[in-house]
Amino acid sequence: MTLRSPIKHCRECGTAVVYRIPDDGDTKPRAVCPACHTIHYENPLNVVGTVPVWRDQVLLCRRAIEPRRGKWTLPAGFMELNETTAQGAERETDEEAGAQIQMGPLFSLLNVRHVGQVHFFYLAKLLSDEFNPGYETLEARLFGEDDIPWDEIAFRTVKTTLERFFADRRTGQFGLHCVDID
């Protein structure tokens, strides 16, 4: 099941597309324009964000928008064209939390096939405990592990990332976590 609508018209000439296996050796049905023969590929969307840390606390944002308005999440959002995953994660942290950070390494990569997304979360060190949330955020707050509102986390990718973060912190070694979310 995918949440995105299928391609209906050619982006090159506007003709209604047909879904078929292209004649170029491809093996999957694609949106193919019968007029100009352009093949339109549908690829996953990248979601990028951070795990911002201040001392022994993590920054979470309470969502002001759907989906899952009012629930808590790490600062994250869709990657834009002409930016790296790290640049997008840093931008999203600024936009959603108004937080100043020092970027760290990639921490989690989560494949969310049923919605056609890949989520990337980077570790980040907060440079201040003052935040200026943007319009997508009702509130930005720091939480210790025992205070995390686990039942109010917006997305499984965020909950999984937080669980892995606190487990790694207990061992003192942070690794890269690759997880498939079904």
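Let's start with one end of a pair: Glu152 is partly exposed, at a relative accessible area of 35%. Keep in mind that this is a predicted model. Searching the whole structure turns up 10 salt bridges, and a few of them are picked out below.

**A link across the chain**
- Glu152 joins up with Lys71 in a salt bridge, with N to O at 3.1 Å.
- This pair ties together distant parts of the chain, 81 residues apart.
- Glu152 sits in the loop between β10 (137-143) and α2 (156-171), while Lys71 sits in the loop between β5 (57-63) and β6 (72-73).
- Lys71 is partly exposed too, with a relative accessible area of 27%.

**Around Arg91**
- Arg91 pairs with Glu92 in a salt bridge whose closest N and O atoms are 3.0 Å apart.
- Arg91 also meets Glu95 in a salt bridge, this time at 3.2 Å from N to O.
- Why is there about one helical turn between Glu95 and Arg91? Because the two are four residues apart in helix α1 (residues 85-97).
- Glu83 belongs to the picture as well: Glu83, Arg91, Glu92 and Glu95 are linked in a network of salt bridges.

**Buried or exposed?**
- Glu92 has 5% relative accessibility, so it counts as buried, the cut-off being under 20%.
- Arg91 counts as buried as well, at 19%.
- Glu95, at 40% relative accessibility, is partly exposed.

**The general idea**

Key
Residues numbered from 1 in each chain as written. Predicted model: local features only at pLDDT ≥ 70, side-chain atom pairs only at ≥ 80, totals over all residues. Heavy atoms only, no water. Salt bridge = Lys/Arg side-chain N within 4 Å of Asp/Glu carboxyl O. Buried < 20%, exposed > 50% of the residue type's maximum accessible area, 1.4 Å probe, protein only.
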